[in-house]
Amino acid sequence: VVVSWLGVTVVPCNADWPMWRYDGNRSAASPAGLPAELHLQWKREMPPPRPAFPEDLRLCFDLSYEPVVMDGTMFVPSMVTDSVTALDTSTGVVRWQFFADGPIRFAPVAWRGKVYFVSDDGHLYCLDAANGGLLWRVTPLPPDRGRYRLLGNERLISRWPARGGPVLADGVVYFAAGIWPFEGVYVCAVD
């Protein structure tokens with residue numbers, strides 16, 4: 001099965017789900033078919049989510065975990081443990097876990113052997129999907145603003161948390177940092 005969106009051609013492996021709602025168009029539909037019968041293979045209990053704004057339904061972007069799948073690995077972000085965990089989709093066994101410097105509230109993007117995700121520390125991270133090694137991280141903040149931290153949602157976070165979940169289109173990852181317009185919101189495109 002070959003899928004194309006926004007000029008990017010992707011060949012999903014069996015049941016890949018590379019980003020939130022499947023693709024850059026947020027279509028929420030995969031062309032991969034389901035087997036006639038489904039059976040529970042494994043399960044994993046996660047700590048209850050700790051959303052940033054639990055009382056405001058307009059801001060319910062992190063009420064649950066939002067995993068993505070690539071090449072037989074599920075990548076699960078956590079706003080509780082500030083981590084991304086890679087699980088084998090056949091067995092549920094943890095392959096690796098990476099810890100960021102703040103909560104990870106949005107689904108990552110899995111593409112071409114890499115995993116991209118944003119954190120409340122104001123950065124976009126790029127990991128090697130095979131072993132969880134950090135390849136690079138970037139922030140759209142000017143150098144003088146990158147060091148500002150504050151208490152947000154009972155955690156020490158950037159004054160401009162990366163709260164615009166990553167989107168991939170044409171080999172470019174887009175994301176945003178900052179939540180208060182009067183302090184500045186930064187939108188970034190990374191090759």
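Trainee: Which residues does Trp 96 touch, leaving out those up to four places away in sequence?
Mentor: Trp 96 touches Phe 75, Val 84, Thr 85, Ala 86, Leu 127, Asp 128, Ala 129, Ala 130, Asn 131 and Gly 132. Contact means heavy atoms within 4.5 Å. This is a predicted model, where local features need pLDDT of at least 70 and side-chain atom pairs count only at pLDDT 80 or more, while totals for chains, interfaces and linings use all residues. Residues are numbered from 1 along each chain as its sequence is written, and side-chain values use heavy atoms, with hydrogens and water left out.

Trainee: Which residues touch the most other members of the largest nonpolar core?
Mentor: Phe 75, Val 84, Trp 96, Phe 98, Phe 117 and Leu 127 do, out of 16 residues. Such a core is a set of buried (under 20% relative accessible area, 1.4 Å probe, protein chains only) Ala, Val, Leu, Ile, Met, Phe, Trp, Tyr and Cys residues joined through side-chain atoms within 4.5 Å.

Trainee: Now the sheet. What is the order of its four strands?
Mentor: The open sheet runs β7-β8-β9-β10, with antiparallel pairing. Strands are DSSP runs (E, at least two residues) numbered from the N terminus, and two pair if DSSP finds at least two bridges between them.

Trainee: Why is one side of β7 and of β10 left without a neighbour in the sheet?
Mentor: β7 (109–111) and β10 (134–138) stand at the edges, so each has a single partner strand.

Trainee: How many bridges join β9 to β10?
Mentor: Four, and the two strands run antiparallel. Cys 126 stands opposite Trp 136 in β10. In their hairpin, with five residues between the strands, Gly 132 takes a positive phi near 80°.

Conventions
Buried means under 20% relative accessible area, exposed over 50%, partly exposed in between (1.4 Å probe, protein chains only).
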